[in-house]
Amino acid sequence: ALRLAAQRRAVNEVLGPLRLSRDDLVKVQTLMRQEMDRGLGKETNASASVRMLPTYVTHTPDGTEKGDFLALDLGGTNFRVLVVRIAEAGITMASEIYVIPVGVMQGSGEELFDHIIDCIIDFQTKQNLVAQMLPLGFTFSFPCQQVGLDKALLLTWTKGFSATGCVGQDVVQLLREAAKRKRHLGMQVVALVNDTVGTMMACGYDDPKCEIGLIVGTGTNACYMEEMKNVGTVEGDQGRMCINMEWGAFGDNGCLDHLFTHFDLVVDETTINPGKQRFEKLISGMYLGEIVRQILVVMTEKELLFQGKPCPKLQTKDIFKTKFLSTIELNGLALRQIRTILNELELDATFEDCVLMREVCQTVSLRAAQLCAAGLAAVVEKMRESRGVDQLSVTVGVDGTLYKLHPCFSNNLQMTLKDLAPKCNVTFMLSEDGSGKGAALVAAVADRAA
Ligand code: ADP
């Protein structure tokens, strides 16, 4: 019994810094709100860690949108070209996945955009769409400084892209120039769309209350409809505009330093962008498995796991997948399933080891969901305040594999949000194929507003 008590104490010592109190979360919510306000201010924008980028999307769908559109989806797991038909009866789509060879991702900008046009031509040929001039919506999931719906300067590449001559350039112009080089006249680029915005618009087609978009996949980000009078970085005070928060970078100015544990610091140091995307590194799929792995390494050293036997495999980066968290938390005590995972790691675990591993996974995924909720709480409370209402009813369109497949993430997120923003009644709606559908809807809404 004495040994068990000592072990419990040691476990709590390791996991304690990862357990957030309600006060911690309220503080994160307050800090996010401060960063949002600074990001929206003309003078303060440059020093905010949350960039609050204007998207020039001023309306969500109202169901009267119509027409045939091309859509591109670049920056997610796959590059896709789509045709989206919006009619009274609903939306139908056809799409094709194209490969972007690493040599093209990391070659010259001209090569990259020429390749994209080749894919569009191939797609239009296959779909029998060559004779038409179709409006095109371009989902481009990289941070851009937008100066219009169809004018967006690339701020930086992420996710393995590094094509030269693109940063600082207008991405829409680069695409148009490539079309010109290839003498392709069958398309007209009308809008560039962030994936969060696409997600919000796709859900907005079915639910007019959907005015927030959220992604929790490889990375995390959010967008929402803000009052123009609060957007100091764009001229005009009338109506609303969707703001791409780029909230993954929240904390890059040091304001979240008090939350980072030893494990978070080690994970950050081994990424290709240390010190950057600090909020994202606490939340999204690319990092949760790594955080758990770092905890398991320390617990093994402290002889709290695997009877202190060394496990060299556990030293390998990315060997503990984020999808393992989903399996372990769902079937934490189904030893057979855990064993399959552990065999991959060449570990031999007892029943007690499995119970402790589940506790580690739960701690890491709960913290991620709670932090995401604190961020969202700042967003919905700001919307409620701006609209001068006592109660706000709003829907969040969500995409991302971690949100969709983890057994507890969405529930923990929703419970925490309810606690932190009790005056907001928030519904979550899963987006299906938001990037393609959303880009077409942005093009269609622009068409309607014109
Ligand atoms: P993207 O955000 O690039 O469009 P996804 O939404 O598909 O990509 O998210 C990919 C991320 O989801 C990966 O980081 C992966 O670790 C994580 N993931 C994959 N399967 C699962 C799962 N079953 N449970 C939790 N996370 C998962």
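Student: How far does a polar side-chain atom of Thr 401 lie from an oxygen atom of the ligand?

Tutor: The structure is a predicted model. Thr 401 is among the residues that surround the ligand. A polar contact needs N or O atoms within 3.5 Å. The distance from the polar side-chain atom of Thr 401 to the ligand oxygen is 2.5 Å.

Student: Which residue has a backbone N or O atom 3.4 Å from an oxygen atom of the ligand?

Tutor: The residues around the ligand include Thr 218, Met 286 and Thr 401. Thr 218 uses an N or O atom of its side chain, 2.8 Å from a ligand oxygen. The backbone atom at 3.4 Å belongs to Met 286.

Student: Is Glu 290 buried or exposed?

Tutor: Glu 290 sits in helix 9, residues 285-301. Its relative accessible area is 4%. The cut-off for buried is under 20%, so a residue at 4% counts as buried.

Student: What is the relative accessibility of Met 52?

Tutor: Met 52 is placed in the loop between helix 2 (22-40) and strand 1 (53-54). Its phi is positive, near 50°. Most residues other than glycine have a negative phi. Met 52 counts as buried because its relative accessibility is 0%.

Student: Where is Gln 277 found?

Tutor: Gln 277 is not a glycine, and its phi is positive, near 55°. Helix 7 covers 262-269 and helix 8 covers 280-283.

Student: How many charged residues are in the lining of the second largest pocket?

Tutor: The second largest pocket holds about 360 Å³ of space. Its lining has 16 residues, and those nearest the centre are Leu 4, Gln 7, Leu 304, Glu 352 and Leu 356. Helix 1 (2-15) and helix 12 (351-386) each supply at least two residues of this lining. Seven lining residues are nonpolar, three are polar, and the number that are charged is six.

Technical notes
Residues numbered from 1 in each chain as written. Predicted model: local features only at pLDDT ≥ 70, side-chain atom pairs only at ≥ 80, totals over all residues. Heavy atoms only, no water. 1 Å grid on protein atoms, 1.4 Å probe; cavity = no way out; pocket = protein on both sides within 12 Å on 5 of 7 lines; lining within 4 Å. Points joined across faces, edges and corners; volume = space filled by probe spheres on them. Helix = DSSP H or I, 4+ residues; strand = E, 2+ residues; numbered from the N terminus. Nonpolar A, V, L, I, M, F, W, Y, C, P; charged D, E, K, R; others polar. Buried < 20%, exposed > 50% of the residue type's maximum accessible area, 1.4 Å probe, protein only. Near = heavy atom within 4 Å. Polar contact = N/O pair within 3.5 Å; in protein donor to acceptor, adjacent residues only side chain to side chain.
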